[in-house]
Amino acid sequence: MKHFEFEYGAGTMGADLPDSTDEFIPGITVPDPDYIPEDKLEAAYRESLDHPIGMPTVKELAHKGSKVVFVVPDRVKGGEQPTSHRKLSIKYILNDLYSVGVEKKDILFIISNGLHPRSTDKDALAIFGPELYNQFWPTGQIISHDSEDPDNMVDLGFTKRGDPVWMNRMVFEADLPILIGHVNGNPYGGYSGGYKHSATGITNWKSIASHHVPSVMHRDDFTPVNNGSLMRDKFNEISMHMEEKMGHPFFCCDAVLDSKSRQIAIFSGYAKEMMPESWKVADKRTYVHWAEKKYDVLVFGMPQKFHYGDGMGTNPIMMMQALSAQVLRFKRVMSDHCVIICSSLCNGFFNDKKWPYLRECYEWFQHDQMNQLPDMNRLGEYFATNEEYIRKYRFTNAFHPFHGFSMMSCGHIAEMNTSAIYIVGAEDPGYARGMGLKTRATFEEALEDAKKKYVGENPNILALPLTFKTTSVHLCMKNPADDCMDEYGHRHGGCGCG
C-alpha cells in the first residue's frame, strides 16, 4: 500500500491506497515551463509594454490631462509576492504614464471584485504592496468595484446575442482603461485575464446571469474546461461591446503564471489579438498531457480555507463547486463511471459573514421539490435582489448573493459526470448527504464501498495531493488523440467524455 496525506480542515488526513495508485501534483509531477528569473523581469515587461500586440503603447495613448483607470484583480488569484504581476506591471506602466505627463491625481485603481467581496484595506495592501498602497490608498485612489452602486454603474444595452451589459462608470469614462490580468487556467470558461476579466470583474449580477447559469454551464461544450465554450464567447462579446460603447479598446497587460504565481511570459495590447497569443504559451503549462489511462477513482482532500475564503471546504454549497471544478479540470482523464473520494471537515461552518445567503439556499435545497441543484436557479433573482444581502455585499465584505447561484450552477457538474462522490471524515455528515454525496469515515472505507458498487476490484486510482494548495492544471491524456476534447472545444468523440 502507498500512504498519502490529503488536505483536511487546517491539517491533513491519511490514506493507504493500493500500490498501483498514480499521483499527480501540479508543477512537480510534470514541471512547469521555465519562469522568468527575477533579474530578467524588468526587461520582459519593457519588451511587452514597448511592443504591445494590436494597439499603440501606453506612452502613445496617454498625455497630460488623461484620466487613467487601472482595473486590478482581487485576491482570489495572481500571487502577492513582491515580484507579483500586479505589482510589477503597475510599476512599469506608471513610469510610462508619468513620462508623458500624466499626473498622479488623474490615476485611479479599481479592484475588479465583481460579485466577490469588496476588498478591505488589508486586501489592498496585499494586492498592491506597501509602496503603491501608501501612494494611492490615503488619497482614495484605490477603490473596490461596487456592482450595486446605482450612481456608478452604466447600462450599455445588450450584445447582439441579447446579453445585458452593465459596466463600472469610472472605467467607462476613463480616457485610458488598463486591464491587469493573469492567464491562469480557470474552470469557468477557460483562461482568466483578457476579456474574461472585464466581463466578470467590473459588471453586475444581471450581466453575469447571462453566462454563469445552467443553460450555459451544463452544455456539452463546457465540460471539460476549454477556451471554445459558449461562456467564453459571451465573455468576448460582452467585453467587446464595452469597448464599442467606450469608443476605444482596453489596454491589457496579462501574465502567464506558473504553479507558484511566477511569470512565465508577459503579453500586452489589444485583448482580441493578444489573448490567443498568450493562450499558446499558457497551454503548455495548463493542459498537461500526462495520463496513460483513464481513472476510475480520483482521490483528493479539501481544506477548510482556500480560493474563495475560510469555510469554502466546509460550506456544503461551496464544497460542491470545489468538487465540480476538479471534474472540469480532470474530465479528460476520468472513466465514464468515475468516482471521487474527498476528505472534508464538513462541520457545519458556513461562514455566514462571508456567505450570508448560503445557509438559506441550503435549506431551500432540502425542500420545495428541489431535486437537483439546477432547480434552485429559479430563485436567482429573488436572492440577487434581497436588500439585506446586497447591503452585506456592499458594506460588510460579503459575497454578492447571486455569486452563490453561479456556484450552484457549477456544483451540479460533479453529479453530471460521476457515478458517486464520497466525503470522508465529515464531522456533520448530514450536510454532505444533503447535497447528494455519500459519506464514510475514512478513505479506505469509501474505496471499498466504491469497489463493490461502481468501479470493481481493480480500479485505476489517481491521487491528487495539494489539489487546492497549488495553481491547478487541466489534466489530459498523454496522447492528445485520446482526449475527448482539445483545448479549444473541438471534440474527438468516442472517448467517454460526451
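Let us start at a pair of facing residues: Glu7 stands opposite Thr12 in strand β2. Strand β1 (residues 2–9) and strand β2 (residues 11–17) run antiparallel and are joined by seven bridges, and a hairpin of one residue links β1 to β2. Strands here are DSSP runs of E of at least two residues, helices are runs of H or I of at least four, and both are numbered from the N terminus; two strands pair if DSSP finds at least two bridges between them.

A word on the model: it is predicted, with local features needing pLDDT of at least 70 and side-chain atom pairs counting only at pLDDT 80 or more, while totals for chains, interfaces and linings use all residues. Residues are numbered from 1 along each chain as its sequence is written, and side-chain values use heavy atoms, leaving out hydrogens and water.

Next, look for the open sheet of six strands, ordered β8-β7-β6-β11-β12-β13 with mixed pairing. Its edge strands are β8 (142–144) and β13 (263–269), each pairing on one side only. Within the sheet, strand β11 (residues 176–183) runs parallel to strand β12 (residues 251–257), joined by six bridges; Leu179 has Cys252 in β12 as its bridge partner. Helix α1 (residues 41–50) packs on the sheet and touches β12 and β13. Helix α4 also packs on the sheet, touching β6 (68–72), β7 (107–111) and β8.

Now follow α4 (residues 121–136) to helix α3 (residues 85–99): their axes come within 8 Å and cross at roughly 30° (axes are lines fitted to C-alpha atoms, for helices over the stretch in contact, with angles from 0 to 180 degrees between N-to-C directions).

How much of α3 is buried or exposed? Eleven of its 15 residues are buried, including Leu88, Ile93 and Leu97. Buried means under 20% relative accessible area, exposed over 50%, and partly exposed in between, with a 1.4 Å probe and protein chains only. After α3 comes Gly101, whose phi is positive, near 100°.

Finally, the largest nonpolar core holds 141 residues, and Phe70, Leu97, Phe109, Phe128, Leu298 and Leu323 touch the most other members. Such a core is a set of buried Ala, Val, Leu, Ile, Met, Phe, Trp, Tyr and Cys residues joined through side-chain atoms within 4.5 Å. Helix α11 (residues 316–330) gives this core its largest share, nine residues.

Terms used
Contact = heavy atoms within 4.5 Å.
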